[in-house]
Amino acid sequence: MNAPIKHTSEITDAEESLKVQEAQSVLDSTSATEVAMQNTLLTPRFYTTDFDEMDAIDVSPVREDWDKLIAQMVSDPNKGHFKKNEDWDHVDWDGMEPGLKKEFIDFLISSCTAEFSGCVLYKEMKRRGNNKDITQLFQLMARDEARHAGFINDALREAGVAVNLGFLTQKKKYTYFRPKFIYYATYLSEKIGYARYITIFRHLEKHPEHRFHPIFKWFQEWCNDEFSHGEAFALLMKTDPKLTQGMNVYWIKFFLTAVYSTMYVRDHQRPAFHDALGVDPDWYAHEVFTKTSKLSEQIFPITLDIDHPRWQSGLEKMQKANADLAKAAEEGRFFAKIGAQVRAVSAFVSLITIPAKKHQVPASTRLEPAY
Ligand SMILES: [Fe+2]
Ligand SMILES: [Fe+2]
């Protein structure tokens, strides 16, 4: 008799999780995988880095906080959580308004790809490294991201589409980032991920009539995983003060601006989705930026001035330029495309030249999820 196949929510090893995902891939759809394969400025990418340099990190300067964080992750509070249970209400995919269905599926595919992007990067670091502290951390984070991606794929499968994650691992293009850029980008994407999930979760607690899909009920525990991952990257950066000083502060500003503006543009491509949630995307963006900025003060010496008069108008210009760009590309209008690209770049320049807010970074980075 065959042993029963474990569900991805129970699995602690990312490699094993991937095998389970691959076994299911006979059912996975080509169209969803094609969407996940796209590499544009707005779609989630896969990353690779200098794994030897990362393996050489010595966590002794943050040992006490490190051991506490790792112990908490080893205790695995969310084991078994990312699985459909009696709280998973029936989803009427056929009855869903087509515009909403399209945007929601797009949201799920993009979220699944982003979660899985974390999984492949972390899994690879674990596989290549020899440093016990580093490999242990990355194994734990890969475990979580494999569960997150697997759970979203379970939701997609009900709609008759799912991403073939095994295929993606082999065929999606990998973008190389130096380790320090991985720290800035990944730290931010973990913290912004936390802020996004908790903001939606709190909003739906107050307005359950807008919870049009059961997956949102899982967001609270989910965001706690992302919170811990962000904490880990904050500690990694804390081991080397140079990473958050001098010229690197300009890189931090670049990543903050890029991550925030990409989120804004991407979310504004999904009006029906936000409407169904009862969320104004401008309010949501401001709320998520406020939370992320507050959190990132734990490690970054600057935050963006999101209340500056040029901030909102810069985001709107960027969003408009991107919408025009997509339209021009679709219609094959070369000069309109160039024009929109120039406007997008100039909007980005206008955002990044807003003077940042400076502050003192605390001696200890550690935070607990408080929103
Ligand atoms: Fe995740
Ligand atoms: Fe994460």
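At what angle do helix α5 (residues 98-128) and helix α6 (residues 132-158) pack, and how far apart are their axes? Before selecting them, note that this is a predicted model, in which local features need pLDDT of at least 70 and side-chain atom pairs count only at pLDDT 80 or more, while totals for chains, interfaces and linings use all residues. Residues are numbered from 1 along each chain as its sequence is written, and chains are lettered from A and ligands numbered from 1 in the order in which they are written.

**Stop one: α5 and α6**

Select residues 98-128 and 132-158: the two helices pack at an angle of about 155 degrees, with their axes 7 Å apart. Helices here are DSSP runs (H or I, at least four residues), as strands are (E, at least two), numbered from the N terminus; axes are lines fitted to C-alpha atoms, for helices over the stretch in contact, and angles run from 0 to 180 degrees between N-to-C directions. α5 and α6 are therefore roughly antiparallel to each other, given that angles under 35 degrees count as roughly parallel, over 145 as roughly antiparallel, 65 to 115 as roughly perpendicular and the rest as oblique. Their crossing is left-handed, a term used if the near helix is turned anticlockwise from the far one by less than a right angle, with right-handed used if clockwise.

**Stop two: α8 and α9**

Next select α8 with helix α9 (residues 219-238), which pack at an angle of about 155 degrees with their axes 8 Å apart, and which are therefore roughly antiparallel. α8 passes α9 in a left-handed crossing. The contact (C-beta atoms, placed from the backbone, within 7 Å) includes Tyr183, Tyr187, Tyr194 and Phe201 of α8, and Phe219, Trp222, Phe227 and Phe233 among the residues of α9. By class, the residues of this contact divide into 15 nonpolar, five polar and three charged, where Ala, Val, Leu, Ile, Met, Phe, Trp, Tyr, Cys and Pro count as nonpolar, Asp, Glu, Lys and Arg as charged, and the others, Gly among them, as polar.

**Stop three: α8 and α12**

The crossing of α8 past α12 is right-handed. On the α8 side, Lys191, Ile192, Ala195, Arg196 and Thr199 meet residues of α12 that include Tyr284, Val288 and Leu295. Five nonpolar, three polar and four charged residues make up this contact.

Within α12, the buried residues (20 or more other C-beta atoms within 10 Å of the residue's own; exposed means 12 or fewer, and partly exposed in between, with C-beta atoms placed from the backbone) include Ala285, Val288, Phe289 and Leu295. What covers them includes α8, α10 (248-267), α11 (271-277) and β3 (302-303).

**Stop four: two loop residues**

Val59 lies in the loop between α3 (51-55) and α4 (63-74) and is buried, with 20 other C-beta atoms within 10 Å. Leaving aside neighbours within four places in sequence, Val59 is in contact with Trp66, Asp133 and Thr239. Val59 and Leu235 are 176 residues apart in sequence, yet 8.0 Å apart in space, C-alpha to C-alpha.

Finally, select Asp76, in the loop between α4 and α5, which is partly exposed, with 13 other C-beta atoms within 10 Å. The phi of Asp76 is near 50 degrees, a positive value in a residue other than glycine. Most residues other than glycine have a negative phi.

Notes. Contact = placed C-beta atoms within 7 Å.
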